Structure formats: C-alpha cells, structure tokens
Amino acid sequence: MTDPSPDPARLDTAGIQKRLSAFRDERDWARFHDPRSLTLALAAEVGELAEALAWTGDGDAAIPRDAAADELADIATYLLHLANALDVDLGAEVERKLVTTRERFAGLLPGTPSRAHGGAA
Ligand SMILES: [Mg+2]
C-alpha cells in the first residue's frame, strides 16, 4: 500500500528497491537472488564492515569512514535485494517497527539504557 502523503524526510526505500530490481533484471540475475544466497551475501558484507572497523579503537578519528561507508552501502544493497526477494516493503516495516519500539520504551526515562545497551529494561 502506498502512503498518500509520505514524510519528505523518509528514505525512499521503495524507490531504491525498484531501481535495484531493475538493475537485477537488466542482468538476468533474479535467478541468483534467492533469500538464502542474499542472506549469506549480506552476512559476508557485515563481516567486511567488521573487518574495516576491527582494531580501530574507540577514537572517532581512527574509524575509516570511507571504507565503512562503502561496506554500509553493500550491506544496504543486499538488505534491499533480500527485501525484494521476500516481497517486503522495507521502509514500511522499519516505520512499523519504530512505532512498536517507541511503545515498548515509552516508560523509560531519557538516558536510561535499554537491555541491548546493558541496562535492565
Ligand atoms: Mg563489501
């Protein structure tokens, strides 16, 4: 379902998904884009990002931003290809998840860490 009045700040994931599908189809690569293969490719790209950030320390200046940005683009590309293979509107799912996450942490005071951040909530 298309949002009749999309937030102008919202990333156009549906548009990017369509462009990636067109790129895939121009090369007849859909036959390679099964969910399992795309998930493994996605995991490999996450590994490449981890490799780029490994041993850089906590200092912000030590992070190789160009390499990290390149790997993030690879990750996003495979993630969106995977969303296409599973017929998922990723932008809509992220928006839906943001609503449920806001509800989940509605009672948490600002600055309080969630369980994922080492807190109790
Ligand atoms: Mg890569």
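Biologist: Why is L109 called exposed?
Modeller: L109 has 7 other C-beta atoms within 10 Å. Exposed stands for 12 or fewer, buried for 20 or more, and partly exposed for the range in between, with C-beta atoms placed from the backbone. L109 is therefore exposed. This is a predicted model, in which local features need pLDDT of at least 70 and side-chain atom pairs 80 or more, while totals for chains, interfaces and linings use all residues. Residues are numbered from 1 along each chain as its sequence is written.

Biologist: Where does L109 lie?
Modeller: L109 is in the segment after α4. Helices here are DSSP runs of H or I with at least four residues, strands are E runs of at least two, and both are numbered from the N terminus. L109 and R24 are 85 residues apart in sequence, and their C-alpha atoms are 45 Å apart in space.

Biologist: What makes D89 partly exposed?
Modeller: D89 has 17 C-beta neighbours inside 10 Å, so it counts as partly exposed. D89 sits in the loop between α3 and α4. From D89 to A106 there are 17 residues in sequence and 26 Å in space, C-alpha to C-alpha.

Biologist: Where is the place of D28?
Modeller: D28 is in the loop between α1 and α2. Phi of D28 is also positive, near 55°. D28 has 8 C-beta neighbours inside 10 Å, so it counts as exposed.

Biologist: Why is α2 called roughly antiparallel to α3?
Modeller: α2 (residues 35-53) and α3 (residues 65-85) pack at about 165°, with axes 9 Å apart. Axes are lines fitted to C-alpha atoms, for helices over the stretch in contact, and angles run from 0 to 180 degrees between N-to-C directions. Under 35 degrees is roughly parallel, over 145 roughly antiparallel, 65 to 115 roughly perpendicular, and the rest oblique. That makes α2 roughly antiparallel to α3.

Biologist: Which residues of α2 and α3 make the contact?
Modeller: On α2, they include L38, L42, V46 and L49. On α3, L72, I75, Y78 and L82 are among them. Contact takes C-beta atoms, placed from the backbone, within 7 Å. The contact of α2 with α3 has 16 nonpolar, two polar and four charged residues. Nonpolar covers Ala, Val, Leu, Ile, Met, Phe, Trp, Tyr, Cys and Pro; charged is Asp, Glu, Lys and Arg; the others, Gly among them, are polar.

Biologist: How do you know that α1 and α3 are roughly perpendicular?
Modeller: The axes of α1 (residues 13-26) and α3 cross at roughly 85° and come within 9 Å. α1 and α3 are therefore roughly perpendicular to each other. The contact is made by T13, I16, Q17, L20, S21 and R24 of α1 with T77, L80, H81, A83 and N84 of α3. By class, four are nonpolar, six polar and one charged.

Biologist: Which residues form the largest nonpolar core?
Modeller: L38, Y78, L80, L82 and A83, five residues. A nonpolar core is a set of buried Ala, Val, Leu, Ile, Met, Phe, Trp, Tyr and Cys residues joined through C-beta atoms within 7 Å. α3 gives the largest share of this core, four residues. Leaving aside residues up to four places away in sequence, L38 touches H33, Y78, H81, L82 and A85.

Definitions and conventions
Contact = placed C-beta atoms within 7 Å.
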